[in-house]
2 protein chains.
Amino acid sequence: MPRDLSTFFYPTSVAVIGASRSPQKVGAITLKNIQNSKFKGRIYPVNPNAEEVNSLKCYKSIKNLPETPELAIIAIPAPLVPKILKECADKQINNVIILAAGFKETGSEGGKLENELINIASKHNINLLGPNCLGFINTIHPINATFGATVARKGNLRFISQSGAVAASIFDWCNSIELGISQFVTLGNKAVLNESDFLSHFEKEYQNTSYTPPQEGMSEESPIGMYLESISDGKEFLKTSCRLSKTRPLFILKPGKTKEAAQAMLSHTGALAGEDSVLSAVLEQAGVIQCKTIEDFFDLAKAFSWENVPNGPSIAIISNAGGPAVISADAVLSAGLALSEFNEPTKKVLTKILPRSAGILNPVDILGDALANRYRKASETVMKLNSVNALLVILTPQIMTEIEKTAEFIGELSKQYKKPIFCSFIGGKLIYEGEKVLNKYKIPSFRFPERAIYAISEMWKFKKRKLEASPLKEANYAGELNFEKAEKILRKAINEKQQSLDNISANNLIASIGIPTPPTKFIKDEKEALVFAKENGWPVALKISSPNLLHKKKVGGVATGIANEKQLLETLTKLQTHFEDKIQIQKCVQNGTELLVGVKTDAIFGKVLLFGAGGTYAELFDDKNLCLLPINNLGAKRLMEKSKIYKFLQDAKLEKLQDLIIRLGALAQEFSEISEIEINPVIATLNEVWAVDSKTLLRCG
Amino acid sequence: MPRDLSTFFYPTSVAVIGASRSPQKVGAITLKNIQNSKFKGRIYPVNPNAEEVNSLKCYKSIKNLPETPELAIIAIPAPLVPKILKECADKQINNVIILAAGFKETGSEGGKLENELINIASKHNINLLGPNCLGFINTIHPINATFGATVARKGNLRFISQSGAVAASIFDWCNSIELGISQFVTLGNKAVLNESDFLSHFEKEYQNTSYTPPQEGMSEESPIGMYLESISDGKEFLKTSCRLSKTRPLFILKPGKTKEAAQAMLSHTGALAGEDSVLSAVLEQAGVIQCKTIEDFFDLAKAFSWENVPNGPSIAIISNAGGPAVISADAVLSAGLALSEFNEPTKKVLTKILPRSAGILNPVDILGDALANRYRKASETVMKLNSVNALLVILTPQIMTEIEKTAEFIGELSKQYKKPIFCSFIGGKLIYEGEKVLNKYKIPSFRFPERAIYAISEMWKFKKRKLEASPLKEANYAGELNFEKAEKILRKAINEKQQSLDNISANNLIASIGIPTPPTKFIKDEKEALVFAKENGWPVALKISSPNLLHKKKVGGVATGIANEKQLLETLTKLQTHFEDKIQIQKCVQNGTELLVGVKTDAIFGKVLLFGAGGTYAELFDDKNLCLLPINNLGAKRLMEKSKIYKFLQDAKLEKLQDLIIRLGALAQEFSEISEIEINPVIATLNEVWAVDSKTLLRCG
């Protein structure tokens, strides 16, 4: 059950433990911030050595407080925190923030200290934020429970930042452009409360619309920005963000790979699917926008906060400079957006209001001598068009350019029309004055038009997801499939304490749920081999089999394309000389595209299906496409379409491949005993799909 | 011979024609700008209706001037310009700037007016800048010959901008960060002077080092930034920039494709190699850095102007925030840079000077409570290391952070150490004060660390090109090859007024210069076909041949894999029924990778060699790689390596393929009659390379 954080965010009384009279101390700053934030509840400074702090009566200890405060902020050094937390628990305080660093992040000693906190919180069911955090801000029910220089302006943005440092940068940036927020939480070490708790809380707030009345000039989007260095509970996070992202823009910045991961990746020794690629696939599935750079994050925050998402992909561009207009037109097209087409009446109006050498097609070049009024008239003309979903206004500061006046006109226009407007005033000092005006009107402006276009394209993608709405049905084959035979095969292997299945068992396992496999069997001698080849037809393949030998091809234990008796006998002799293992014979599948279909287990998100180029193709393409299980028809289709090898599958029977993917996914889901299963290659021929080679790893113990 | 622009840029006397007493007029602003720019020469306003302008004696007309001014600026409306230009010519003025718009850019009428200017300038050998331009600035010999709000600060940057609007943005930006320039030219319509003229002039200035003394805090790089919407003389531009880019950073922003080109590209109907891809390949060959966005352009200008390029790819990162440090470490690795390794003594020092929980590996996390002094000590420690080629300092504005003091310390450090330092202070208002200090010290700072890393990576790429220096040798097969047979084949076709060669002639043409082609011939009947197949072995292919039918495969005129007599006869009958053309028989090449090698003629740059996936692969990969001719061994190798299909060529004989490329390049170069030649497919088998099908287009007339 999700935690109730309503008194956490909307306390009527707050205790600040460690409220100090020295103004530099964390406790003092926090107390001051609460007082300055127009907090309307009761404030209780706690400090054994003071009678009064900041004109407030000070209490010697928590137990002396005249009531149980709804929120306690502990602003004392780490070693003393567990004792104080215990006192909070004894006072039955439900919500606690611990600001101090010096816990898990400092090593094992700190880790022990943090575990004490976790134990107390869990025993008393305390909503504990931190430790090692900056606190939170709520501008709806005004309280600044942080020790940072923060944002006081009201807005529709919600932020969850694991890092206080990144929060500080966001605060400074918000203040510089007058961007308001509604709530800002810094998570710190996430001893108890994590991102999913806050996402759940935000979801509840959205349901209760009275919390977020639309504000002057802002969008109706209520976006949530997240800076996360780790995801605490993958499944919970996925579930919550999946629900939320259907109606609210969620965007995330996550430091990608660690140095080590990145280096591993570079040296090509990394696993098929690194942690990061799973996260990335999961976020995509959950509809969370992934920012590639810090700049992306800042730009999306502003765009989603101040403008409604466009209703379509068609952009009109108005510029007083031809070059940047063309650059922007290119960027619009590359971003998957479109340039609005103007109808004849509009072209006529533009011809009338613009000078003769102006460009009246989109992008509209209103020329270097354009005054504010020309900007206004041109903008108004195109804003009226149904074919225009958003307007991008570009300005370069030329000798006649009326920068501030133009910004004012655009601002006025944005009040009249519901359509989103974005600006790019390109320059420095001069255009800064115009940007200030745009900020006042809450029109997102970007120094470079490509940045505006990036933001618009992400907004449109969000809108498109909303329109497509039709949530993926959870239905899949799991119900219809008969897993009896599969269970027997697995049970036997587990009883024999095998960590992986031998060739034939692996083959039988996938065959048991209806995945087509070429004829195969173990053979004892050349006679059996010959009989098999004659029955099933040439060419055949010979493979050695050993439960614990997973890379038989690498050691020379696989021979394919054996076309006649002579070759068969030679190959068999060779294999028997080099290996002591059992030998498998298989009918060869010829002339097809080699694919890989597999399932891996991710530590955070669970089982993930992998699809891409297989066999020899796997080395040519970096083509690993992931989808969290369960997977249904549409999911399988999308996954195939995402792959690079998809282009090679034009003639293949895609329904059969889709069926194979869903069956394998269902198998992996059904049995927790399977930790990894991989078919490589799956060979897709003109009419058939064959699982030629597979391996299955079992969960130990 | 390159034009001499020394008196153009360094005039001792200037006439301003159209100098007006109304301060809003272009002539008035220009005159004022010259006066305010500390121009030390003589200034002659020309205006028939004034005795004096801005306290300067005014002349009725050009012929009345007391001397021949070295530069004349014409600031009067377009229709009057030709007459005035003629007067300038009569006065023997060598250098003229025409500011007015209203020429070529407005249509055919304006075009005619512009042609008049070109004729006068060419007759009198006038260095004419414009029309439709903003003029130029030179801070070395101070003169601001523009009518814009420009840059007065001295620096090492040179700019060439075709657009005055973009120039205005650059001016504003330069002023806002105190970035100085040495020369800035706006080209306008390029009636006479174009980018190559100015590049040549800059080259001359560089040779005479007295022009550009290194200035306090700036780099020694003397970069040149170009904003160009078109290249006027491709070959000249290529030659000059090739030479310049060996020692100076050249970076360019060019609006990519037009809307139409982009759309054509999107609908997949575009030609194999559009204009833009040729330009891009040419710029790469010339060592010119191509900016993808306006932001790239601004960022590179600052970086190259203020910091020397790093001597190696290893970066040290110091940050007071863990997340941005990790993000930056990832960006460093993805950009092809490296993270410096710290030796043991350094780690020891860092352990000593930093708090216990700080990160002493690279990136160095000096923690959120880092004061300026900790930044200084950590930075100094790593700057001393040989393994550090550049330092990136990241700062988030946390509660204790001493933003300006930190910037001061870094500034001091940059004076002591020759190594380049880059900063990323992330935030808004607060960090702006720090950025101002960094600007004072000429330390490039970027709001987002990824932008700094982009700049560093381009700087390092530039340095690497300089280090690799070894210019590609121009030598190729052209001298050794015997073109006699080729000439005969071409002569015959041209005499017969063919626009393209028939199958066998095209085959013979490439075979004549030693490119391997499979056995082939025209056949009259089934008897001849059978004889051929038996002599050369099955399978064979049949193709119809017609000089003007270039897409025979599309119309069903190609049959491959004919494996026996029966198939041969059937196919032959079918072809003979459907087509009246000659029929070619060819031995099939089996089991290879299909490639395309061709030569096209680009309108601006001349002949360009094309290499990539061919045959059926061409549809799967977008794989067109270009190289301007001539091409040598190394060039061919690089071209192959650049392709996507390269991965499929692991087992192929690359030397043979390289040889084929060079031979085809030499052939195309030798004969101006060949406008286009394409071998598709070239089939690369394990041991051989075969030119299976080729077409040759001849220049008409």
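**Loops, a contact and a pocket**

Student: Where does A:S55 lie?

Tutor: A:S55 sits in the loop between strand 3 (52-53) and strand 4 (56-57) of chain A. Keep in mind that this is a predicted model.

Student: OK, peptide bonds next. Is the one from A:N362 to A:P363 cis or trans?

Tutor: Cis, with omega near 0°. A:P363 is in the loop between helix 12 (344-353) and strand 17 (364-365) of chain A.

Student: And from B:G130 to B:P131, cis or trans?

Tutor: That bond is cis too, with omega near -5°. B:P131 is found in the loop between strand 7 (127-129) and strand 8 (135-138) of chain B. Most peptide bonds are trans.

Student: New topic. How many residues does each chain bring to the contact?

Tutor: Chain A brings 60 residues and chain B brings 59. The area buried between them is about 4,900 Å². Carbon and sulfur atoms give 68% of that area.

Student: Which three residues of chain B supply more of its buried area than any other three?

Tutor: B:D172, B:I294 and B:L620. They supply 13% of the area that chain B buries against chain A.

Student: How many salt bridges are there between the chains?

Tutor: Zero between chain B and chain A. There are 12 residue pairs in polar contact between the two chains, though, with both residues at pLDDT 80 or more.

Student: Which helix of chain B gives the most to the side that touches chain A?

Tutor: Helix 5 of chain B, with eight residues. Other helices of chain B each supply at least two residues, including helix 10 (294-306) and helix 16 (449-468).

Student: How do the residues on that side of chain B divide?

Tutor: Into 30 nonpolar, 18 polar and 11 charged.

Student: Which of them are closest to its centre?

Tutor: A:E435, A:R447, B:Y432, B:E435 and B:R447.

Student: Which elements give two or more residues to the lining?

Tutor: Helix 5 (164-177), helix 10 (294-306) and helix 15 (429-440) of chain A do. So do helix 5, helix 10 and helix 15 of chain B.

Student: And how do the lining residues divide?

Tutor: Into 14 charged, 12 nonpolar and 10 polar.

Terms used: Residues are numbered from 1 along each chain as its sequence is written. Chains are lettered from A and ligands numbered from 1 in the order in which they are written. This is a predicted model: local features need pLDDT of at least 70, side-chain atom pairs count only at pLDDT 80 or more; totals for chains, interfaces and linings use all residues. Side-chain values use heavy atoms; hydrogens and water are left out. Contact means heavy atoms within 4.5 Å. Buried area is the accessible area (1.4 Å probe) that two parts lose on being put together, summed over both. A salt bridge is a side-chain nitrogen of Lys or Arg within 4 Å of a carboxyl oxygen of Asp or Glu. A polar contact is a pair of N or O atoms within 3.5 Å; within protein, one must be able to donate a hydrogen and the other to accept it, and residues adjacent in sequence count only if both atoms are side-chain atoms. Helices (H or I, at least four residues) and strands (E, at least two) are DSSP runs, numbered from the N terminus. Ala, Val, Leu, Ile, Met, Phe, Trp, Tyr, Cys and Pro count as nonpolar, Asp, Glu, Lys and Arg as charged, and the others, Gly among them, as polar. On a 1 Å grid over the protein atoms alone, a cavity is a set of points where a 1.4 Å probe fits but cannot get out, and a pocket is an open set with protein on both sides within 12 Å along at least five of seven lines; lining residues have an atom within 4 Å of a point.
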